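These are my notebook entries on a structure that I had not examined before. I began with the whole chain and then turned to single residues.

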Amino acid sequence: MRKAIITFIFLFAAFRYAMPQQVSFAGSNRAVFEETPAASTGLDRIYVIYDCDGVSMSYTQRTAGSTVTWYTYQERGGGYAEVLGGIDRIDNMTTRLPQVVANCGYIIEEGTDRTYVWVVDYSDYMLSLNNIGFDTQRDCGTVRVFVDGVGREMTYYTITGVPQQLDRGLTLTYRTLEWNTESTAWEEVAVEENEESFSTTIAVPAPYCNTEFTLSGDRFLRYWNMEESVTSATYTTSAVAAETMAVQDEQTADNEQAAGDSEGGESSLGGSAPVSITFTAYPTDAVIHHEWQMSRDQEFNNIDSRFNQPEITQTFNEGGTFYFRYYGADSSGECSTTGETYTVFIGESRLECPNAFSPEASVGVNDEWRVSYRSIVEFHCWIFNRWGVKVFEFTDPAQGWDGKYKGKYVKSGTYFYVIEARGADGVEYNLKGDINILNYTGTGSSSSGGVTE
């Protein structure tokens with residue numbers, strides 16, 4: 001008989017899962033908890049009964065009058081199943097085991113059909129929760145939760161004799177902070193962790209806010225409305241984290257050259273100096289010490305500047321590559337966090353001057369004399385006519401000359417510029433050159449000296 005059962009396990013394993021459920025119980029004062037286990041176990045069902053004392057188990061046949069044989073097996077699996085005696089014939093459709101023997105497996109054979117189940121007596125594994133606490137020793141990454149209680153592992157065996165643990169479904173809940181990218185803020189959220197088995201110590205990621213820990217369950221007691229629950233005192237967090245952001249002021253001058261990708265690498269920050277960038281940190285509750293660090297060393301082995309606030313605005317007037325990152329720590333300094341490293345590339349300076357323009361000839365097209373520049377941090381330009389009369393002066397390279405003197409357009413001809421400037425890379429510029437104003441249709445009248453009054 002044992003050989004027949006072993007052979008059947010492998011030949012009919014796929015077929016049996018299509019069979020309707022035929023097993024029922026009577027005599028329990030609470031509903032029987034039913035679970036369909038993984039197909040790999042070979043079991044059709046697992047039944048958890050609150051207390052098996054006085055509980056019977058019945059099997060309803062698929063065919064009236066057919067022969068039904070009951071077997072039982074333990075940890076060695078279905079290959080060592082033994083015929084079970086004492087089975088009552090209730091009628092031509094029903095057989096019954098008057099008293100369930102719990103914490104074992106059953107194979108019920110009807111012709112070529114077989115049903116495989118495991119029955120658990122919960123009273124042998126009763127959960128009891130007395131108290132819950134946590135480790136008061138500081139740990140920046142993990143909190144150990146201590147549970148005072150009892151709850152044995154609920155072991156069952158597959159058809160092939162492999163031990164498995166039934167998931168108790170204990171629930172540990174607490175609160176922490178979670179970063180919301182849309183609102184750019186940390187938000188308090190509930191965390192719910194499933195504990196498959198009872199343990200006197202549960203390790204969880206350290207929460208980012210003060211919270212209580214609550215352990216409740218298990219899922220069987222929950223099913224019977226008898227759930228146990230214990231709650232800890234308030235845990236004071238020391239875990240820290242921070243999200244960071246860097247926002248660069250927009251540079252709108254169309255005559256300012258951007259730094260090329262080949263020069264700045266993958267950095268999207270920087271470009272042409274002077275440029276202002278605001279660095280902002282969003283730390284969690286326990287962060288007390290704030291520090292933005294600036295270094296020319298990507299590894300931050302040497303830190304050039306430190307700024308002790310969560311938000312800073314830095315104006316870059318020097319050329320080169322700079323690295324910024326945020327460092328935050330709790331009150332003791334034992335728990336710390338480091339944010340993303342931001343690369344800021346300021347390109348080498350450039351200053352180029354056109355030699356002609358045509359004001360008023362075509363609106364918006366070459367009607368203003370402007371330099372083309374990059375990373376110019378000091379600038380002064382003077383424009384003269386051929387008699388040495390200063391017709392325009394400006395100190396912002398983003399500006400330009402519209403060809404007017406005293407509110408009127410000058411006449412076409414040659415004018416001269418003198419520029420003194422300095423680049424973010426320290427390069428000094430002393431430039432002189434001519435500006436040719438091309439013919440255009442002007443409305444002013446000429447005067448001596450080549451300018452209109």
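The entries below record what I looked up, in order.

**Overall form.** I note at the outset that this is a predicted model. I looked up the secondary structure and found four helices and 37 strands. I then took the radius of gyration, which is 41 Å, whereas a compact globule of 453 residues would have one near 22 Å. Along the principal axes, the C-alpha atoms fill a box of roughly 130 × 50 × 35 Å.

Among contacts with a separation of 6 or more, 66% join residues 24 or more positions apart. The accessible surface comes to about 22,300 Å², and carbon and sulfur atoms hold 44% of that area.

**Charge.** I recorded 31 positive and 63 negative side chains. The centres of these two sets lie 4 Å apart.

**Cis peptide bonds.** I looked up the bond from G217 to D218 and found it cis, with omega near -5 degrees. D218 sits in the loop between β18 (214–217) and α3 (219–223). The bond from A273 to P274 is cis, with omega near -5 degrees. I placed P274 in the loop between β21 (269–271) and β22 (275–283).

**Positive phi.** N103 is not a glycine, yet its phi is positive, near 60 degrees. I located N103 in the loop between β8 (94–97) and β9 (104–110). N366, again not a glycine, has a positive phi of about 50 degrees. The loop that holds N366 runs between β30 (356–357) and β31 (372–374).

Key:
Residues are numbered from 1 along each chain as its sequence is written. This is a predicted model: local features need pLDDT of at least 70, side-chain atom pairs count only at pLDDT 80 or more; totals for chains, interfaces and linings use all residues. Side-chain values use heavy atoms; hydrogens and water are left out. Helices (H or I, at least four residues) and strands (E, at least two) are DSSP runs, numbered from the N terminus. The radius of gyration is taken over C-alpha atoms; the globule rule is 2.2 Å times the number of residues to the power 0.38. Contact means heavy atoms within 4.5 Å. Accessible areas come from the Shrake-Rupley method with a 1.4 Å probe; for residues, only the protein chains shown count as cover. Lys and Arg count as positive and Asp and Glu as negative; His and the chain ends are not counted. The place of a charge is taken as NZ of Lys, CZ of Arg, CG of Asp or CD of Glu.
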